[in-house]
Amino acid sequence: LALAAAVAALAACGRAAGARPATLRWVISAPALQRLLALPGGRALAESAFDNPDTYVLAGAEPPGFLAGWRSPIAIGADGYPALRAALAGSGPGGRIRAVVFDQEAWPFTPTGEQRDPAPYVRQAALLAHALGLTLIATPATDLAPVVAAARGSSGVPPSPAAAAPLGPAYRTFLALGIARAVAAYADVYEVQAQGAEGDVAAYRAFVEAAAAQARAGHPGIVVLAGLSTNPSGQSVAAATLYQDVLGTRDAVAGYWLNIPAGGAACPRCGEARPQVAEELLRMLYARA
């Protein structure tokens, strides 16, 4: 009953968080953006959506040449504190680098200690980033939930009352452990990694609203984004479904991280990239917004 009340309260808070945003904020990686630009007609659409100060393009310390002339600030990525410290060694990045995407997940790229207790390392990352005038975008993955639960000696997945019924075990555990609240306390931007649930519009909305409200409880005024993917872990998702996900959560978040992954070390099951799905979603959003 306690979890049911918590989820219901968080969702209600998310719906009351503010008016429907007039414009969307975005995070998109340079490779994803390049895949969009390569599509027939994709350049005009991508420039319209992302060539603005409200979009962070995740790239390396040396942004690719095709971004020359774009107004979008550049973000560098780090999967853990040691990687971030190495990336910011010395005087730190210059030029158009304005942010750090701090992506802690239950994978080999994030140190085990950070997986077990992510928030203290987000605090360290924020101190380092802020000292260099950079925005910290925290994106803790839901697959951290069982790792954190085990480290705390928790039994893991809490009971599944009616109010939490749309949510799968990892999402319920993530919320019950308060990971979003703990991490958001130190971040400037918090991204809800909800893309694994995007095929179920009700579950996606329930998790995004609850995690977003929890993040704001940890840091009032924080900018909250939600994750979208054209093919999360290789799943086939239609643009129409992603569009419904956006419609269902635009009152809870300021924007989205649009992923267009391809198979590789970071996503072994992603398979072939599907930029055409992202293109269709953007046409639907900007034609109907």
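A: A residue is buried when its relative accessible area is under 20%, exposed when over 50% and partly exposed in between (1.4 Å probe, protein chains only). The structure is a predicted model, where local features need pLDDT of at least 70 and side-chain atom pairs count only at pLDDT 80 or more, while totals for chains, interfaces and linings use all residues. Residues are numbered from 1 along each chain as its sequence is written, and side-chain values use heavy atoms, with hydrogens and water left out.

Q: Which residues of α10 are buried?

A: The buried residues of α10 include Ala 203, Tyr 204, Phe 207, Val 208, Glu 209 and Gln 214. For the protein chain, 52% of the 289 residues count as buried.

Q: What is the mean pLDDT of the protein chain?

A: pLDDT is the predictor's confidence in each residue, from 0 to 100. The protein chain has a mean pLDDT of 87, with 83% of its residues at 70 or more. In residues 1-21 the pLDDT is below 50, and this stretch has 30 contacts in the model beyond near neighbours in sequence. A contact means heavy atoms within 4.5 Å.

Q: How many helices and strands does the protein chain have?

A: Helices (H or I, at least four residues) and strands (E, at least two) are DSSP runs, numbered from the N terminus. The protein chain has 12 helices and eight strands. Of its contacts between residues at least 6 apart in sequence, 73% join residues at least 24 apart.

Q: What span should α10 have?

A: The expected span of a helix is 1.5 Å times one less than its number of residues. With 18 residues, α10 should span 26 Å, which agrees with the 26 Å between its end C-alpha atoms. At the start of this helix, a side-chain oxygen of Asp 200 comes within 3.2 Å of the backbone nitrogen of Ala 202.

Q: Where is Gln 193, and is Gln 193 buried or exposed?

A: Gln 193 sits in the loop between β6 (189-192) and α10 (201-218). Its relative accessibility is 11%, so Gln 193 counts as buried.

Q: Which side chain makes a polar contact of 3.4 Å with that of Gln 193?

A: A polar contact is a pair of N or O atoms within 3.5 Å; within protein, one must be able to donate a hydrogen and the other to accept it, and residues adjacent in sequence count only if both atoms are side-chain atoms. The side chain of Gln 193 has such a contact with that of Glu 105 at 3.4 Å, and with that of Gln 195, also at 3.4 Å. Beyond four places in sequence, residues in contact with Gln 193 include Asp 103, Thr 139, Tyr 171 and Phe 207.

Q: How many aromatic pairs are there?

A: Rings of Phe, Tyr and Trp (its six-membered ring) pair if their centres lie within 6.5 Å; planes under 30 degrees apart count as stacked, over 60 as edge-to-face and the rest as tilted. There are five aromatic pairs. The ring centres of Trp 107 and Phe 109 are 4.9 Å apart with planes at 90 degrees, so this pair is edge-to-face. Trp 107 is buried at 14% relative accessibility, whereas Phe 109 is partly exposed at 38%. For Tyr 171 and Phe 207 the centres are 4.7 Å apart and the planes at 65 degrees, so that pair is edge-to-face. This pair links distant parts of the chain, with Tyr 171 in helix α8 (residues 169-176) and Phe 207 in helix α10, 36 residues apart. Tyr 171 and Phe 207 are both buried. Trp 26, Phe 50 and Tyr 256 make up one aromatic cluster.
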